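Please read the following explanation with the sequence and the structure side by side.

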Amino acid sequence: PAMAEHYRMAAGVELPACVAEFRAAPGFRDVTKHDYQIPDEALIAATLTELEATRDSHSARYVACWLAIGFGLRKSEAACVRRDWFRQIEGRWHIEIRAVADGTDRETEHPVTKNGQVRPLIPCANGAWEKLAPFIQAPGAAADSYLIPGHNTYRREDVFREISVWMRHKGWRTQKSYHELRAWAGCQVGMQYGFDVASQWLRHGSITTTQTFYGRYLNTLRRVEDRPVTFPAAPVSSPVSRPATGT
């Protein structure tokens with residue numbers, strides 16, 4: 001009612017009578033937020049197995065998925081990756097993010113990432129280098145060519161839609177399928193090196209973001225073992241000397 005009055009007084013807009021029934025309807029049912037139930041380990045394993053089995057028949061999907069798993073890339077970053085963005089630092093492979101895709105213009109790329117970084121260096125993780133190296137170092141491929149093949153629309157949109165359809169067909173129940181791979185990969189880093197490292201690897205401005213929205217795959221209970229409890233030895237008290245008393 002307050003907004004209807006605002007529309008009428010401030011903007012001269014009178015709501016038509018046909019919306020009165022809609023406004024009078026009771027609230028929608030079951031609109032509370034439900035926690036997303038992560039897939040079990042069997043589904044994750046089956047997804048990765050099929051990803052490997054379809055490497056040659058679905059190479060663009062394969063490369064895009066491993067960019068998320070191995071470097072924690074967002075869609076806008078993965079779409080722009082060139083082959084010459086990869087380099088070794090102290091014997092370890094890294095990617096230098098030099099551009100991200102614009103969300104509305106299919107031709108524009110920006111030099112700044114979502115969290116405001118310019119050319120961040122991200123170390124490879126989760127065994128991704130051996131998966132991506134044959135594509136990065138493909139014979140005859142130009143050094144500055146895009147790693148994900150195809151035209152701009154395909155690299156920025158269509159391949160990620162294919163990934164979403166494929167993951168849902170496998171049994172994943174998540175709104176952002178590609179982003180879910182990034183979350184899962186970040187938790188693998190977190191379980192190995194700590195959540196503070198995972199937060200930096202995912203390039204979050206705050207570790208709270210990592211804990212709240214990405215920690216669902218973090219399972220540190222795997223480290224707990226059924227070991228006998230070792231009780232500390234009871235302290236041995238020294239005898240206390242008492243002064244002699246007269247008889």
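Two strands are taken as paired if DSSP finds at least two bridges between them, and this is the sense in which Phe86 stands opposite Ile95 in strand 2. The model is a predicted one, and its secondary structure comes to 10 helices and 5 strands. Of the 247 residues of the chain, 36% count as buried. Among the contacts between residues at least 6 apart in sequence, 64% join residues at least 24 apart.

The sheet to begin with is an open one of 3 strands, in the order 1-2-5 and with antiparallel pairing. Strand 1 and strand 5 (121-123) stand at its edges with a single partner strand each, so one side of each is left without a neighbour in the sheet. Averaged over the sheet and with direction ignored, neighbouring strands are turned by 40° against each other. Strand 1 and strand 2 (residues 92-96) run antiparallel and are joined by 4 bridges.

Which residues form one aromatic cluster? The cluster is made up of Phe71, Phe86, Trp93 and Trp129. With ring centres required to lie within 6.5 Å, the count comes to 5 aromatic pairs. In one of these, the rings of Phe86 and Trp129 have their centres 6.0 Å apart and their planes at 55°, so the pair is tilted. This pair links distant parts of the chain, as Phe86 belongs to strand 1 and Trp129 to helix 6 (residues 129-136), 43 residues apart. Both Phe86 and Trp129 are buried.

Arg82 is found in the loop between helix 5 (75-78) and strand 1 (86-89). Is Arg82 buried or exposed? Its relative accessible area is 17%, and because the limit for a buried residue is under 20%, Arg82 counts as buried. The side chain of Arg82 makes a polar contact of 3.0 Å with the side chain of Glu109, and another polar contact, also given as 3.0 Å, joins the side chains of Arg82 and Tyr146. When residues up to four places away in sequence are not counted, Arg82 touches Glu109, Ala143, Asp144, Ser145, Tyr146 and Leu147.

Among the helices, helix 3 (residues 41-53) holds Leu43, which has a relative accessibility of 15% and therefore counts as buried. What is Leu43 in contact with, once its neighbours within four places in sequence are left aside? The residues concerned are Lys170, Gly171 and Trp172. For one of them, Lys170, the separation from Leu43 is 127 residues in sequence but 7.6 Å in space, C-alpha to C-alpha.

Helix 8 (residues 177-193) has 17 residues and reaches 25 Å from its first C-alpha to its last, which is close to the 24 Å expected at 1.5 Å a residue. Of its 17 residues, 14 are buried, so helix 8 is largely enclosed by the rest of the structure. Ser177 lies in this helix and, with a relative accessible area of 1%, is buried. Leaving aside neighbours within four places in sequence, Ser177 is in contact with Ser164, Met167 and Arg168. Helix 8 is followed by Gly194, whose phi is positive, near 105°.

Conventions:
Residues are numbered from 1 along each chain as its sequence is written. This is a predicted model: local features need pLDDT of at least 70, side-chain atom pairs count only at pLDDT 80 or more; totals for chains, interfaces and linings use all residues. Side-chain values use heavy atoms; hydrogens and water are left out. Helices (H or I, at least four residues) and strands (E, at least two) are DSSP runs, numbered from the N terminus. Buried means under 20% relative accessible area, exposed over 50%, partly exposed in between (1.4 Å probe, protein chains only). Contact means heavy atoms within 4.5 Å. The expected span of a helix is 1.5 Å times one less than its number of residues. A polar contact is a pair of N or O atoms within 3.5 Å; within protein, one must be able to donate a hydrogen and the other to accept it, and residues adjacent in sequence count only if both atoms are side-chain atoms. Axes are lines fitted to C-alpha atoms, for helices over the stretch in contact, and angles run from 0 to 180 degrees between N-to-C directions. Rings of Phe, Tyr and Trp (its six-membered ring) pair if their centres lie within 6.5 Å; planes under 30 degrees apart count as stacked, over 60 as edge-to-face and the rest as tilted.
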